Amino acid sequence: MTEALLQRAALSFEANQLAAAEAQCRQLLRLQPGHLHALGLLGAILHAQERYPEAEAVFADLTRRMPREGAHWMNLGTARRGAGKYEEALHAYMRAAELGCTDADFYFNVGLTHLDRRDYESARVVLKKALDLAPGDALIRSEYIKACYESMQTEEALAAVQGWTDFSQLSPHQLADLGQRLTNLGDTARAERVIGQLAVSELDVHATLTLAQIMERTNRLAEAQRLMERLASHPGAASLGMELLMTQGRIAQRAGDHEQAIQLFRRALEGVTQFHDRHFALFSLARSLDAVKRYDEAFTALTEAHASQVAHLDLTAPTAVARGTPTWEITKWSCDPADIAQWDTTDAPSLEESPVFVVAFPRSGTTLLEQTLDAHPLLKSMDEQPIVQAALDDMLAEGVSYPEQLGKLSSGQLQAIRARYFERAATRIEFAAGQRVVDKNPLNMLRLPVIKRLFPNAPILLAIRHPCDVVLSCFMQHFRAPHFVLLCSDLQTLADGYRRSFDFWYQQSALLSPNVLEVRYENFVADFERGVREIAEFLRLPWHDGMLAPAEHARAKGYISTPSYSQVVQPVNQKAVGRWRAYERHLAPVIPQLRTYLQRWDYSDR
């Protein structure tokens with residue numbers, strides 16, 4: 001009789017008839033309390049119903065009865081993970097590993113535990129083991145990509161995406177999450193395929209919300225609004241909590257309804273139980289408070305946002321926090337004039353054969369420049385990519401000391417490094433015949449020796465903006481990169497980083513004489529056509545009217561990787577000029593650090 005009951009319970013469980021399966025298991029256990037298979041099945045049934053504490057009790061009992069059975073320890077770990085007991089879950093998984101659990105499912109569950117506790121680096125390492133064992137498992141691949149993205153290992157995430165076309169194993173909710181990550185990674189073609197698959201699926205509330213977030217992030221606001229209206233009438237919408245409020249707030253913000261956005265962000269904050277999570281709402285709240293001229297409130301929100309983000313970083317990237325505030329180490333080294341004299345540039349690419357580099361301190365108007373250039377049919381931008389840094393790594397791999405020994409690089413070595421530069425660019429964008437690369441990565445200003453050695457004739461656009469506006473704008477941004485999060489965490493550190501960056505730029509420029517056009521933001525937006533024509537002439541480009549409509553170009557492009565994605569789709573305007581004046585008393589302590597550049601660019605009276 002007990003075996004028949006067990007078989008019926010197993011069949012009910014497979015048919016997802018969980019209540020019946022539980023009743024049959026419990027009936028069997030009343031007849032035979034220590035039946036091991038029934039206990040294991042009961043634990044699985046309770047886990048499937050998300051009754052994690054009860055499942056934990058069952059699996060804990062099984063580990064006492066059979067302490068040498070690794071599967072029971074693994075199941076105990078998974079139940080504890082569901083209950084939010086992450087450290088205890090890891091202890092159970094450790095015991096399972098000691099007993100021989102090393103399959104893909106084991107590593108997957110350990111990786112999910114690390115994701116839940118936001119140790120993204122550990123999750124990435126463990127999920128890679130799971131993926132190596134089960135490369136065809138779509139859910140493992142999707143969660144591995146998430147771990148790579150969250151730990152800022154973008155190249156590794158993109159490598160895991162390459163060649164992946166079959167998403168049929170994923171549920172709509174999982175598809176939506178994947179689509180969002182692919183969008184954030186800039187793999188828009190694959191993201192569109194995932195989103196297209198979602199469009200023909202029956203979506204739950206979580207998938208609908210994620211799809212709305214994707215639409216907002218890619219500037220498809222009408223579609224985002226329609227999805228949010230659909231959610232508003234759904235009985236399950238309340239389960240979305242803070243995420244629903246945050247998305248409603250962002251869409252209200254994009255529509256210019258900042259009072260409504262403020263209410264939504266404040267309601268979202270009421271539901272945040274951990275201080276390290278408050279920054280997700282606080283940065284957005286500050287943006288709307290600024291828009292309605294409640295400047296002191298905005299600054300208070302920003303101050304708390306940075307403290308919260310550093311606390312979050314301490315959880316997700318403790319090594320970065322342990323290293324402390326960025327020292328801008330790269331600015332401490334200089335090219336050697338005697339070495340520069342040895343540089344042979346006879347076979348270097350011409351200006352027209354070289355990339356166009358757009359550099360600056362972040363938040364100086366580089367995204368507007370990038371979209372203006374990308375609108376020209378002979379130019380192709382690849383968003384912000386670290387391929388100049390990769391070229392620097394290639395130089396170091398040749399055994400030279402950077403930057404004082406770049407003259408030791410031979411013509412053949414330089415040609416090989418240039419070839420790899422363009423190969424990396426080609427993985428990000430598709431070139432048409434005759435198109436030139438636009439390499440916009442603001443802090444490549446700190447890698448001027450690399451640019452000048454590799455592409456000595458390359459045109460460089462240096463974006464200049466009022467230093468106080470730049471520092472304020474950086475302070476208001478919700479950056480992801482750990483080193484920049486720490487740099488922007490307080491105004492003194494941020495202003496010091498700004499000064500060091502330009503000190504380095506002008507010191508090296510005096511030695512290297514780069515081909516530079518300084519583009520002053522205030523003048524550029526005040527007389528846009530004149531500024532664009534000056535740039536076209538500098539780049540030796542035939543005129544193209546498309547360059548005068550960067551907002552339309554950006555909207556057509558969809559995904560813009562930088563934090564200013566919502567601003568660059570607006571017509572060129574002067575709204576951001578002099579914004580710092582509203583925060584002058586907060587910025588007053590750091591203005592002396594910026595004095596050199598206020599005077600150099602004649603901003604002293606502005």
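Okay, so His 586 sits in helix α31, residues 584-587; helices here are DSSP runs of H or I with at least four residues, strands are runs of E with at least two, and both are numbered from the N terminus. Keep in mind that this is a predicted model, where local features need pLDDT of at least 70, side-chain atom pairs count only at pLDDT 80 or more, and totals for chains, interfaces and linings use all residues. Residues are numbered from 1 along each chain as its sequence is written, and side-chain values use heavy atoms, with hydrogens and water left out.

So is His 586 buried or exposed? It counts as buried, because its relative accessibility is 16%, and buried means under 20% relative accessible area, with exposed over 50% and partly exposed in between (1.4 Å probe, protein chains only). Which residues does His 586 touch, leaving aside neighbours within four places in sequence? Those are Asp 296, Phe 299 and Leu 491, where contact means heavy atoms within 4.5 Å.

Now over to strand β1, residues 356-359. General point: in a regular strand, side chains alternate between the two faces of the sheet. In β1, Val 356 and Val 358 are on one side, Phe 357 and Val 359 are on the other, and all are buried.

What does β1 pair with? Strand β3, residues 436-440, runs parallel to β1, joined by 3 bridges; pairing takes at least two bridges found by DSSP. There, Val 358 stands opposite Lys 440. β1 also pairs in the parallel sense with strand β4, residues 459-464, over 3 bridges, and in β4 the partner of Val 358 is Leu 461.
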